[in-house]
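User: I've got a structure to look through today. Can you walk me through it?

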Amino acid sequence: MTRDVTALLAFCDGPHDVAFVRRVLRSCLEFQKVEWRFSDFPAPFNSLFKRNVERHAAADLSLDMAHKFYLPDHVLQRDDRVALLFNAGGNNRVEKVAALLVDYLPLLQQARTFPDDAEAVVSRSVVLFVLDADWHGAGQVRAGLAKDFAQIDGAPFLAEPWQVHADDASAAIAADIGAYVWRGENELGTLEDILMPIHRTSDAARVGQAENCIDSLFEWETEHVDTAKRIAERSRRQKALITLLGQRDKPGGSQNGIIGQTKTMHDADLNADQRVQAFAAFVAEFLDLEVAG
């Protein structure tokens, strides 16, 4: 007899967002990383991923398809909840996400009837978009999502209006679709505006030394009068800082490697950060997940 599971498909703005969401799920919500074969996945993922790999393997692909977006970057599980994290960044984000959903949604309707020997079946599926506010703001970002994903393959998808969370303006839900927008100064900004305060709490002196280093090497237009330029430049500087801070533990490592595989942010400081707690609480609520007080 198959068991029911709830699946979260999280489409993140880039690899560093994937790394951060993965760390929050593990550190704050007690999810565990799993490394399943295709046959181990709940239906319909067991057949979806196998079919996608076979189809892409038979196609004449270019090198820029080597990222294999049709598979999740990470899979985590807690009891009967499964989280699949995808790097959906890049200029073709909409096309990549839509292509996956075009295959997934019809199979989801058939999963219980045709489980393909799976031991578990997805009985509830939710989608979460995780993006930066940048210089647009959360409202404009959500409006863009509503426009881009109003339909999937001609059928209504993101059809209901966003309901902004009463306690967290970064979070919103439209039926079984959620959006979480990283914000910083004046409701604008990026994930780095959340990451840097945690790094300062973990080791303020070291962050100060890193700042002196990159500021002596490069010029940063972090006070530019143009809002878009200012936000982008501050994000670049913060990315450089985070990457530098992790080079001893992961020489040559990228920002996503630093976030996910080093202790430049201590777990206790990560878990205690109010904005991290707010994001974790939203995900738990979205998944009807009980969290220990």
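User: How far apart are the end C-alpha atoms of H6, and what should its 14 residues span?

Analyst: This is a predicted model, so keep that in mind throughout. The end C-alpha atoms of H6 are 20 Å apart. At 1.5 Å a residue, its 14 residues should span 20 Å, which agrees.

User: Which residues of H6 are buried?

Analyst: Val207, Ala210, Glu211 and Ile214. Seen down the axis of H6, they fall within an arc of 105°, so they line one face of the helix.

User: Why do residues three or four places apart point the same way in an α-helix?

Analyst: An α-helix has 3.6 residues a turn, so residues with that spacing point the same way.

User: Which residues are exposed on the other side of H6?

Analyst: Ala205, Gln209, Asn212 and Ser216 are exposed there.

User: And what covers the buried residues of H6?

Analyst: The cover includes helix H5 (192-202) and H7.

User: Switching to charges. How many salt bridges does a search of the whole structure find?

Analyst: The search finds 18.

User: Which side chain meets arginine 237 in a salt bridge?

Analyst: The partner is aspartate 215, at 2.9 Å from N to O. The pair links distant parts of the chain. Arginine 237 is in helix H7 (residues 227-245) and aspartate 215 is in helix H6 (residues 204-217), 22 residues apart.

User: Is arginine 237 buried or exposed?

Analyst: Arginine 237 is buried, with a relative accessible area of 15%. Aspartate 215 is partly exposed, at 37% relative accessibility.

User: What does arginine 124 pair with?

Analyst: Arginine 124 pairs with aspartate 176, in a salt bridge of 3.6 Å from N to O. Arginine 124 sits in strand E5 (residues 120-132), and aspartate 176 in the loop between strand E9 (171-174) and strand E10 (177-182). So the pair ties together parts that are 52 residues apart in sequence.

User: How accessible are those two?

Analyst: Aspartate 176 is partly exposed, with a relative accessible area of 37%. Arginine 124 is partly exposed too, with 24%.

User: How far apart are the closest N and O atoms of arginine 183 and glutamate 187?

Analyst: They are 2.0 Å apart, in another salt bridge. Arginine 183 counts as buried at 17% relative accessibility. Glutamate 187 counts as partly exposed at 43%.

User: New topic. How many cavities of 30 Å³ or more turn up?

Analyst: The search of the whole structure finds one. About 60 Å³ of space lies in the largest cavity.

User: What lines the largest cavity?

Analyst: The lining is Glu185, Leu188, Gly189, Thr190, Asp193, Ile231, Arg234, Ser235 and Gln238. H7 gives the most to this lining, with four residues.

User: Tell me about glutamine 238. Where does glutamine 238 lie?

Analyst: Glutamine 238 lies in helix H7. Its relative accessible area is 13%, so glutamine 238 is buried. Leaving out residues up to four places away in sequence, glutamine 238 touches Thr190, Glu192, Asp193 and Met196. Thr190 and Asp193 are also among the residues lining the largest cavity.

User: Now helix H1. How many of its 15 residues are buried?

Analyst: Eleven, so H1 is largely enclosed by the rest of the structure. Among them are Phe20, Val21, Leu25 and Leu29.

User: What does H1 reach from its first C-alpha to its last?

Analyst: H1 (residues 15-29) reaches 20 Å, close to the 21 Å expected at 1.5 Å a residue.

User: What follows H1?

Analyst: Glutamate 30 does, and its phi is positive, near 65°.

User: Last one. Where is asparagine 271, and what is asparagine 271 in contact with?

Analyst: Asparagine 271 is in helix H9 (residues 267-272). Leaving aside neighbours within four places in sequence, asparagine 271 is in contact with Ser27, Cys28 and Gln277. Asparagine 271 counts as partly exposed, at 27% relative accessibility.

Definitions and conventions: Residues numbered from 1 in each chain as written. Predicted model: local features only at pLDDT ≥ 70, side-chain atom pairs only at ≥ 80, totals over all residues. Heavy atoms only, no water. Salt bridge = Lys/Arg side-chain N within 4 Å of Asp/Glu carboxyl O. Helix = DSSP H or I, 4+ residues; strand = E, 2+ residues; numbered from the N terminus. Buried < 20%, exposed > 50% of the residue type's maximum accessible area, 1.4 Å probe, protein only. Expected span 1.5 Å × (residues − 1). Arc of directions from axis to C-beta. Contact = heavy atoms within 4.5 Å. 1 Å grid on protein atoms, 1.4 Å probe; cavity = no way out; pocket = protein on both sides within 12 Å on 5 of 7 lines; lining within 4 Å. Points joined across faces, edges and corners; volume = space filled by probe spheres on them.
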